[in-house]
Amino acid sequence: MLESLDLSKPEGQVLENKAAYIWNSRTGSRDPKLKLGVLKTIAAFLNTEGGELRIGVDKSGQPSGIDAELHELFDRDHLDQFELLLQEAIVKCLFPLPVGKVTIQFVNPSEGWVCRIFVKPASGVTYLREKSPSGEQTHTIFVRTGNRTTALSDIQRDRFVVERLSGKWPL
């Protein structure tokens, strides 16, 4: 069942808007930074309260749609191919694989298709795998802090892992 798109809710702890997934309309080309932003948000939702990521909605909450992106990336079966592209990135980049935690849905308001990604919180720790500029594989933990996606490092990361897995932090 398709849920309606409530545009009155502002971005926050459990809601994030992204204008696009991978197609940068300003440059007219693929932009891996956009894809990385989507994956960071999904990982952060998995590591906190869960949430909804809407692709095709700008920062002000106005739907821009992903129709131009769909037509630039695919010949036909746009929505199915878009979902497969998203699922492929989730399988490749999130560890452990968030089985049963991520649901993708499409709605079509008058402005065009919007992709809605619903994320349930994971019980453990989810890492985003990516390659560093030097080609080294990295594993980063992201969390939501209000309306931001934040990378944890050093003591923050260690404390998060300990508390998430055992519930105690000795320091």
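Colleague: How do the lining residues of the largest pocket divide into nonpolar, polar and charged?
Modeller: This is a predicted model. The pocket holds about 490 Å³ of space. Its lining counts 20 residues. They divide into seven nonpolar, six polar and seven charged.

Colleague: Which residues lie nearest the centre of that largest pocket?
Modeller: β1 (15-18), β2 (23-24), α1 (32-47) and α2 (67-73) each supply at least two residues of the lining. Of the 20 lining residues, those nearest the centre are A19, A20, W23, S25 and R26.

Colleague: How many charged residues line the second largest pocket?
Modeller: About 260 Å³ of space lies in this pocket. Its lining includes K35, K92, R129, E130 and K131. The nonpolar residues of the lining number five and the polar one, and the charged residues number five.

Colleague: Which elements each supply at least two residues of the lining of the second largest pocket?
Modeller: The lining includes P32, K35, L36 and L39. K92 and C93 also belong to the lining, as do L128, R129, E130 and K131. The elements supplying at least two each are α1, α3 (78-93) and β8 (127-131).

Colleague: Which strands are the edge strands of the open sheet?
Modeller: Four strands form the sheet, in the order β1-β4-β7-β6, with mixed pairing. An edge strand here pairs on one side only, and that applies to β1 and β6 (102-107).

Colleague: Which residue in β7 stands opposite I104?
Modeller: β6 and β7 (residues 114-119) run antiparallel. Six bridges join them. Opposite I104 stands I117.

Colleague: What angle does the direction of α1 make with that of β4?
Modeller: α1 packs on the sheet. It touches β1, β4 (51-55), β6 and β7. The angle between the directions of α1 and β4 is about 165 degrees.

Colleague: And what angle does the direction of α3 make with that of β6?
Modeller: α3 also packs on the sheet. Its contacts are with β4, β6 and β7. The angle with β6 is about 155 degrees.

Colleague: Is D158 buried or exposed, or partly exposed?
Modeller: D158 is found in helix α4 (residues 154-166). Its relative accessible area is 36%. Buried means under 20% and exposed over 50%, so D158 is partly exposed.

Colleague: How far apart in space are D158 and E11?
Modeller: In sequence, D158 and E11 are 147 residues apart. C-alpha to C-alpha, the distance in space is 28 Å.

Note on methods
Residues are numbered from 1 along each chain as its sequence is written. This is a predicted model: local features need pLDDT of at least 70, side-chain atom pairs count only at pLDDT 80 or more; totals for chains, interfaces and linings use all residues. Side-chain values use heavy atoms; hydrogens and water are left out. On a 1 Å grid over the protein atoms alone, a cavity is a set of points where a 1.4 Å probe fits but cannot get out, and a pocket is an open set with protein on both sides within 12 Å along at least five of seven lines; lining residues have an atom within 4 Å of a point. Grid points are joined across faces, edges and corners, and a volume is the space filled by probe spheres set on the points. Ala, Val, Leu, Ile, Met, Phe, Trp, Tyr, Cys and Pro count as nonpolar, Asp, Glu, Lys and Arg as charged, and the others, Gly among them, as polar. Two strands pair if DSSP finds at least two bridges between them. Contact means heavy atoms within 4.5 Å. Axes are lines fitted to C-alpha atoms, for helices over the stretch in contact, and angles run from 0 to 180 degrees between N-to-C directions. Buried means under 20% relative accessible area, exposed over 50%, partly exposed in between (1.4 Å probe, protein chains only).
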